[in-house]
Amino acid sequence: MTTTNDTPISFVQLGLKPALLTALTEVGYETPSPIQAACIPALLAGKDVLGEAQTGTGKTAAFALPLLQKIDVSRAVPQALVLTPTRELAIQVAEALQRYAKYMPGFHVLPVYGGQSMIVQLRQLSRGAHVIVGTPGRVMDHLERKSLTLDKLTFMVLDEADEMLRMGFIDDVKWILEHTPASRQTALFSATMPDVIRRVAHQHLRDPQEIKIRAATSTVTTTQQFYCQTHGGQKIEALTRIMEVEADFDAAIIFVRTKLATVELADKLEARGYAVAALNGDMTQGLREQVIERLKSGSLDIVVATDVAARGIDVSRISHVINYDVPNDTEAYVHRIGRTGRAGRTGRAILFITPRELHMLKVIERATRQKIEPLAMPTPREVANKRVAQFTQQILDTLKNEKLEFFFDVIRNMETDHNIGAREIAAALTWLSQRERPLQLTGASAVDLAPPPARNDRNSSERSERSFGRGNDRPSDRNSDRPPRENREQILEKRRTFAAGDLARYRIEVGRNQGVLPKEIVGAIANEGGIDGKQIGQINLFDDFSTVELPANLPADVMDVLRRIRVRQFALKARITEPGEYPDTRPPRPAGPPRAKKEWGGKSDFRGGDKKPEWKKRDR
């Protein structure tokens, strides 16, 4: 068995042909990684390879370059097959092969995976391909249909075999191996080498050369690792504070355990102004590919993903990996943080730990053989200092790069006409510009995150935490005096089109954390959506969303308006809720005059109008 971390001086020493060397130079590769230096010569020599290496070590190029060297472009038949556990990894490998084969005219690689149209794949297969990259299930489908034949196969790769085992594909892999020529050359790569994988290797590989990258930490040595201990209910607040003060933040993947959590956390971060999207297995393949492309292009900065959905993502912009939920095992942790600090790049990984999860911290440290450093929770003062520094830099950049003569005249006229100093004008302009992202965090919003409060203090503590980030910008009558709309007659006509009927509960994506008031919701829906105030029922405010009762069968054009209406700069994104979606959901009731206000589940119970909600009148 070869165990090495030594690398040769350059790829030229490995015996690759000029077309591949030229492509590697353009991609920016300078020297081979340890696994590339060990695998490429063995595979070029025709040997089977059993490679044990973690994600992010460069194993794709380790098998892709020898594979391409052996391809006969003049024969448009499948000569190589690469099996991967996920669609994302299949796409990544296919893209890498296409990049490396840039100067091989006529080369064609075809990814095949579930979720993509079978008709499209059948059409592409009929045109011929030199390399097939696919997931086991879809490859089996094509073999059974006879749309894919492997009788001319000379090279086969099993990538991330342990992941295929974990996902239940190992029997499918064995079946596919039995339908390939015995004379083929095979390379198997796995982050770990459980007995089942080793048995498959000994059964289907011929005297393989075993190559193992020495340290399990080879994936994470370029990644700085930190942990932040926090109470579960404070995670979102801790996350947003950390992201505000983190230096060199470019793009991030945030890992959670469930598909539902990806959507919920992405919605919360989007409401806080971040360019974020969810990535999970329930999304169509087209949407998932679109999310990854947006992350690569820079139109998206954060992806909230599950472990399986993030497999195969290799985006150079990713500077941070955040483990919002602790992974189930240490291998998952290594795979997660392998999304950053790849191929010599540096990155930062942050792990959120609750008190009852502290034992996992020690387990991870033992597995990676690296100390995970504690990360102090940023205080409101630090967040404010960061915002002020960014604001100052924006001012300096504007003074340096923009033409401001017109605005100089505006300020000069204000000084003369109103006898106001330039400093006072600048202070007022600063206040106006920072209303949505306050520079001054005082009062309740300056309370540091603390351990979980005692039960009898729970409500007051939650109110204090929710106020973080609002600053002093909470005038009670903001947006309450709306000017008459130009199309008021049309709106009144639209209101008259609603017949009396049942009310249904709708979810809107603004809540207490956005500083919204019930009357602002009522005003926006009534004025913008054309819904009579009498037909707006109970409003319940939650931290990051609210629910409101509206007529059950709203027309599509009204729903479109309700999705786009903005309150405090946040789109409502209204949607009707499912029965039982929220614990306090009640059955629909006929629309009618507002009933007397009452307490409901500890949340603000307000049925429209400008009167003060009952909960504000309580003696605290």
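Analyst: Let's start with Phe63, which has 0% relative accessibility and so counts as buried (buried means under 20% relative accessible area, exposed over 50%, and partly exposed in between, using a 1.4 Å probe and protein chains only). Phe189 also has 0% relative accessibility, so this residue counts as buried too. Keep in mind that this is a predicted model, in which local features need pLDDT of at least 70, side-chain atom pairs count only at pLDDT 80 or more, and totals for chains, interfaces and linings use all residues. Residues are numbered from 1 along each chain as its sequence is written, and side-chain values use heavy atoms, leaving out hydrogens and water.

Now for the rings. Rings of Phe, Tyr and Trp (its six-membered ring) pair if their centres lie within 6.5 Å; planes under 30 degrees apart count as stacked, over 60 as edge-to-face and the rest as tilted. The count by this rule is four aromatic pairs. In one of them, the ring centres of Phe63 and Phe189 are 5.7 Å apart with planes at 40°, so the pair is tilted. Because Phe63 belongs to helix α3 (residues 59-70) and Phe189 to strand β7 (residues 185-190), the pair ties together parts that are 126 residues apart in sequence. Helices (H or I, at least four residues) and strands (E, at least two) are DSSP runs, numbered from the N terminus.

What else lies in strand β7? Gln185 does. Gln185 is buried, with a relative accessible area of 5%. Leaving aside neighbours within four places in sequence, Gln185 is in contact (heavy atoms within 4.5 Å) with residues including Lys70, Phe155 and Arg206. Gln185 and Val49 are 136 residues apart along the chain, yet their C-alpha atoms are separated by 8.7 Å.

For another ring pair, turn to Phe406 and Phe407: their centres are 5.3 Å apart and their planes at 85°, so this pair is edge-to-face. Phe406 is exposed, with a relative accessible area of 58%, and Phe407 is found in helix α16 (residues 405-418).

Rings can also have a charge over them, when NZ of Lys or CZ of Arg is within 6 Å of the ring centre and within 35 degrees of the ring normal. The charged end of Lys235 sits over the ring of Tyr324, 5.1 Å from its centre. Likewise, the charged end of Arg507 is over the ring of Phe545, 4.1 Å from its centre.
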